[in-house]
Amino acid sequence: MSKFPIDQHQIFAATNGGLDLIQRFIDFKDVNKHFKIRKEGTESANLSKKDGIWFAKDWGEASGFFKDSKHGIHIYAHYTGRTYFEALLELGKELGLIDEKKVAVKNITSVKFNQFQGELNEDNFSYETKDFTDYELETLGPLVTQETCQKYGLYSLTSYSWLKSNDLVQKEFCDVYTVTSSETYPIFGFVITDQAKPKLTLEGKDKNIKVEASKPAKTWVKIYQPKSSDKKYRFSYLGRKPKQHIFGLENLKSVYNKIQVVEEESLDDDNIPIHLNKIERVIICSGDRDSLNMASTGEVVIWFNSETAEITESQIGMLFKYSREVLNVPDLDPTGFDAGKRLALEHLDIKTAWLPESLTKRKDFRGSPMKDFTDFMKINAKFDDKEQIELKSKVKRFLELARPGRFWTEKRRTNKEGRIVGETTYSVNYKNAFNFLKLNGFSRIKDENRKDGYYFIQQDKHILREVSAQEIKDFFNQFLDEKQHEKGLRYFPDDLLNMLIGSEAVSDKKLVNLPTKDFDFTDYTAHSQYLFFKNFIWEVTAKGINEIHKGYHRYVKEEHLIDNLVKHVHKNSDFDSDKVKVLPPLFDISKDENNNYKIEILNNECEFLNYLINGSRVFWEKEMAGLSDEEQIKYKKNNPSVLRSDKLTDDENYIQEMHFFNKGYSIGYLMHGDKSMSKAWCVVAMDDRIVDNNQSFGRTGKSLTWGGAIRCMKSNEYKGARRKDVLDGQFTYEGVTKDTDYLLFDDANDQFKFNEIFTDITGDMTVNGKNQSAYGVSFYDSPKICITTNFAFKNLDPSSMSRMLINSWSDFYHGKNPTENREEFSPRDHFGHDFFSKSWDDHQWNLFINCLAQFASLYLRTKSKIEAPQENLRKRNLKADMGDKFLEWAEEYFGERLNSFVVKREAHDHLKAFSKYFSEINSNLFKTRVRQYSEFKNYQFNPDLEEQKKANDGRFMMWYEGKSEEHFYLRATEESEEDLEETTEKGLYD
């Protein structure tokens, strides 16, 4: 202890008697007043001071950490997951009381063999042992002593050395490396001596036994460096390690031999013991430190080279030879759970003691979830209890709750001599049966929306499959049937199987008692999105994509796997998620020196990405001007991913790029499950081309994205939006649940009342289902909504527009249009096959999945809302609001009255006379329509004029026929003149 670089008194002196440390973790305002520590507790805690050291205690806590007084270092160690000595070291470094460079440094030196001062054994290594320090023992565990370590062959090492041989260099000139421990960098070694047995052979015709002397004992050492910053150097070996070794086996045999007391009445007629005494139980632990900690509580322990080692039946049989019970204590991480489950189901008589799952909710000092028996010991140890009586009791209770995989019991009648008479009877042990189901992933999930208030599931890693009670009952039978075929009738007789088949041993009423379990089905955070495939998970963040193969903390229902979503939406596909791999970026979006977005396509092989690019080429006709239809098709196929063209202006190229950015951003928005009020938008996909609302050309390919692509990736509900009652009926949201991520209103017509769903975009959603009660889905659990349409919505106010994320699609892809002499050109025509079909190979599926995931990443790193270029979209909406008849009147009336004053009243009367349709239009609405017409035509409405001033309210009020009348003035601009020429050429507004 004297060598340790810091002691607690130095810490207390630097932290105001530890008060500064207490204040880091406990919120209190006055040292003289009571305060609250537990969230659910009252103000029952207070501070006290003794010998200059501050202590905290919660008088209302019956059994927790603050039941007894704790000072600042205790509290720091508790909240940071450190041992006491680790806390001293960390605080010493933090407070500048010790030189960080001088602690926890591994000292490695090397010399040539001919200069080495020590002596290497015949296997070219050596080691030097010493006594354990208090710090080293605490590093191993709260109850571990030097005696415990020696019992299991563990030594504290001053140093160890080994020769690094080289076949091309003489031994004398090879390097000998030496690693030396320090006060804060312990090195431990399990020293194992394997004694070979004599070899027996039979010789000659008479089969005489020949005994060959055993080979000399061989020693090897397993090195353990717990403070190594690099995990791969924590364990290493000196000498020749056998393929399989059972640590602690020699101690097990020694304990067994000590309890054998052979008395005369225990012998049979041949003086052979009728039975031998057995150890009460032997514990299998997953590693060195866990095993030492278990042994420190008085248990007999063994462990293997690794927790994933293949354990044979003969090895388990040997353990039962020495012990009445064999218990396994696995880790709680995925590797430990899988190993524990496998052992329990392969060797059904082994009992498994599962550590409490609450352990994983705590973090160690590295920030990793706690997971093993050593962690269990550390968090339950008490700094002020040297004997750790309460800790030992907790371990004993924990082990008593261990249960086997065997879910049945056998009853045999015996006579006075102990011999079995009569038939064996079988019955189900229900607690063990529930443990068996747990090992196989079965549990109950509470759900207040279900008739029974719950449902059954079977878990396989991150996937949860809903099962019925009958499936669970069948599982018992199937398991025993397989075991019978594997092991034979001796171990799994027909009577056992018949007991299950022919009775209600496992009934629905019994399964109601299957324990419930909570699973986190949330597939997102505010800054990430998780994509679930059958064998792995992708975590998508602003930085990119991370593939997760183990350590699952989020779960998915089987039907929501991307594998199954694809099959549900595209039944004719051959999607195989095992062929999906994370790819480098397909595109890059950044900002240039002028703060404008710059888009670069990095991979032109992705057909889906190329299709999105083409859906953004709103100036494709200008790009292909002068080409025949046949030449256009050839040009399109040869230029599948062109966003920028030298045939377009810089502004036109930038507009196309922003259309592409907007589409990718919209996809990313729908891919991300997180919802916030500031981003409560409905994605609206419409055609970019300005046409009359009674002309619905469509066929621009937008449904491939919103009806095809997104539904592959998100649990969804589809609504055909051309149905008249889609919003009028009470079952608008039938089928939507809190599990629904995406709601699509597909192919809405011009009568779709967007305002009707406004509150459902920004608030909670009420769902009425046929033959079931209505229920609510909160805003944060409700799906994001998308509407596709070939029309413009009418009468959209600014509030409605702010709730839309609009994207518009060029008519690069289009249907047949005889009036414009256009032949159909679809993505299938372009790429030679349908997307999402059997024709799509693994390469295209992989590109597609990466593309959508990268759009999700794009959305997560883009702070501002990316709108589509609005000019044509705005004009479509203006045209929809005005209507074709008003536009026809305005073209005729104002065509001869541009750049001059028009009397509002006369224009209004002229409109009403033009068509009885306008007979009821009032003055205010008329003025609104004229404003809209001006914007539509790029005219200036009531501009500032030198010759005529406006009234205070912005109107032109002038004398006309003896009275003051309001006038309009529509002034043509250069832009409107260009539009007029284009209109004349294309007949766009005819």
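Contact, in this tour, means heavy atoms within 4.5 Å. Helices (H or I, at least four residues) and strands (E, at least two) are DSSP runs, numbered from the N terminus. The model is predicted, so that local features need pLDDT of at least 70 and side-chain atom pairs count only at pLDDT 80 or more, while totals for chains, interfaces and linings use all residues. Residues are numbered from 1 along each chain as its sequence is written, and side-chain values use heavy atoms, with hydrogens and water left out.

**First stop: H18 and H22**

Select helix H18 (residues 607-614) together with helix H22 (residues 702-713). Their axes (lines fitted to C-alpha atoms, for helices over the stretch in contact, with angles from 0 to 180 degrees between N-to-C directions) come within 9 Å and cross at roughly 135°. That angle makes H18 oblique to H22; angles under 35 degrees count as roughly parallel, over 145 as roughly antiparallel, 65 to 115 as roughly perpendicular and the rest as oblique. On H18, display Phe 608, Tyr 611 and Leu 612, which meet Lys 702, Leu 704, Thr 705 and Ala 709 of H22.

**Second stop: H21 and H26**

Next, select helix H21 (residues 650-671) and helix H26 (residues 842-861), whose axes come within 7 Å and cross at roughly 90°. H21 and H26 are therefore roughly perpendicular to each other. Among the residues making the contact are Phe 660 and Phe 661 of H21 and Leu 852 and Phe 855 of H26.

Move to helix H4 (residues 84-94), where 8 of the 11 residues are buried, so the helix is largely enclosed by the rest of the structure. Buried means under 20% relative accessible area, exposed over 50%, and partly exposed in between (1.4 Å probe, protein chains only). The buried residues of H4 include Tyr 84, Phe 85 and Glu 86. They pack against several elements, among them helix H1 (8-14), strand E3 (70-71) and helix H11 (373-380). After H4 comes Gly 96, with a positive phi near 75°.

Asp 523 lies in the loop between helix H16 (508-511) and strand E23 (524-525). With 13% relative accessibility, Asp 523 counts as buried. Beyond its neighbours within four places in sequence, Asp 523 is in contact with Gln 529, Tyr 530, Phe 532, Lys 714 and Asp 741.

**Last stop: H28**

Finish by selecting Phe 886, Leu 887, Trp 889, Ala 890, Tyr 893 and Phe 894, which are buried in H28. They cover an arc of only 160° around the axis, which puts them on the same side of H28; the arc is that of the directions from the helix axis to the C-beta atoms.
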